[in-house]
Amino acid sequence: LKEALNKGVEKGVNQLSKPDGFFKDLQIKIPLPEEAQNVETKLRSMGQGQKVDETIESINRAAEDAVISAKDIFVDAIKKMTVTDALSILHGENNAATNFLDKSTRSALVEKFKPIVKISLDKVGATKHWNAIFTTYNNIPLVKKVNPDLEEYATQKAIDGLFIQIAKEELAIRNNPEARVSDLLKKVFN
């Protein structure tokens, strides 16, 4: 089971940390925050769609950069898994392993991701795009000023996307014999 979890985590993390791992996967692509949706609509109607698109892409690039750091945290949680945890996962729902990892790693992931996301947001230009988009919007007469916390939002969405991807991998290992790439995985999930 630990091998299965490690394989699922490794595959999920590797998939998401590639360019377009988040950006081209519509299930986990990070849009602008909900409170910024009206900003997006208004700016697109004013011909500022490219600025909005650049901002969305740069947020997703930051998530792709941060995700690779999750491996060590997951490996540590898997090593600490008890027999009771393992039995609960084996006999649990199709997302039992994902739920176990979420419960046992989320706070550590937030702590580890947030500074990486900040650096990455700066590196890929998201902060610049973010500031440009909200400066443009906030200069529109008679609009309510908006500026959500980009780092917090991108961190949470990156972690949420990571768990969606891990859940996909877990489901494949549980339900698809071809996804069981080792004899041990075949034995555990038969």
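The legends below describe several views of a predicted model.

Figure 1. Along the sequence the elements follow the pattern α-α-α-α-α-α-α-α-α. Taken along the principal axes, the box filled by the C-alpha atoms is roughly 65 × 30 × 25 Å. The chain has 190 residues, of which 44% count as buried. Among contacts between residues at least 6 apart in sequence, 81% join residues at least 24 apart.

**Figure 2. The largest nonpolar core, with 51 residues.** The residues with the most contacts inside this core are Phe74, Leu101, Leu109, Phe113 and Leu162. Two or more core residues come from each of α1 (2-17), α2 (37-45), α3 (49-67), α4 (70-79), α5 (83-90), α6 (96-123), α7 (126-138) and α8 (150-175). Helix α8 gives the largest share, 8 residues. In soluble globular proteins, nonpolar side chains tend to be buried together.

**Figure 3. Surroundings of Phe74, one of the core residues with the most contacts.** Leaving aside residues up to four places away in sequence, Phe74 touches Val9, Val13, Leu101, Thr105, Leu109, Leu162, Phe163 and Ile166. Among these neighbours of Phe74 are Leu101, Leu109 and Leu162, which are also listed with Phe74 among the residues with the most contacts inside the core.

**Figure 4. Packing of helices α3 and α8.** The axes of α3 and α8 are 9 Å apart, and the angle between the two helices is about 60°. On the α3 side the contact is made by Ile59, Ala63 and Val67. On the α8 side the contributing residues are Leu150, Ala154, Ala158 and Leu162. Leu162 is also among the residues with the most contacts inside the largest nonpolar core.

**Figure 5. The salt bridge between Arg106 and Asp102 in helix α6.** The side chains of Arg106 and Asp102 meet with an N to O distance of 2.7 Å. Both residues lie in α6, 4 residues apart, which is about one turn of the helix. Arg106 has a relative accessible area of 22% and is therefore partly exposed. Asp102, at 23% relative accessibility, also counts as partly exposed. Buried would require under 20%.

**Figure 6. The salt bridge between Lys80 and Asp76.** The closest N and O atoms of Lys80 and Asp76 are 3.1 Å apart. Lys80 has a relative accessible area of 61%, so this residue is exposed. Asp76 has a relative accessibility of 35% and counts as partly exposed.

**Figure 7. Lys24, Asp20 and the network of salt bridges they belong to.** Salt bridges that share partners join Asp20, Lys24, Glu57, Arg61 and Glu64 into one network. In the pair formed by Lys24 and Asp20, the closest N and O atoms are 3.7 Å apart. Lys24 counts as exposed because its relative accessibility is 60%, above the 50% cut-off. Asp20, with a relative accessible area of 24%, is partly exposed. A search of the whole structure finds 14 salt bridges; among them are the pairs Lys24 and Asp20, Lys80 and Asp76, and Arg106 and Asp102.

Terms used
Residues are numbered from 1 along each chain as its sequence is written. This is a predicted model: local features need pLDDT of at least 70, side-chain atom pairs count only at pLDDT 80 or more; totals for chains, interfaces and linings use all residues. Side-chain values use heavy atoms; hydrogens and water are left out. A nonpolar core is a set of buried Ala, Val, Leu, Ile, Met, Phe, Trp, Tyr and Cys residues joined through side-chain atoms within 4.5 Å. Buried means under 20% relative accessible area, exposed over 50%, partly exposed in between (1.4 Å probe, protein chains only). Contact means heavy atoms within 4.5 Å. A salt bridge is a side-chain nitrogen of Lys or Arg within 4 Å of a carboxyl oxygen of Asp or Glu. Axes are lines fitted to C-alpha atoms, for helices over the stretch in contact, and angles run from 0 to 180 degrees between N-to-C directions.
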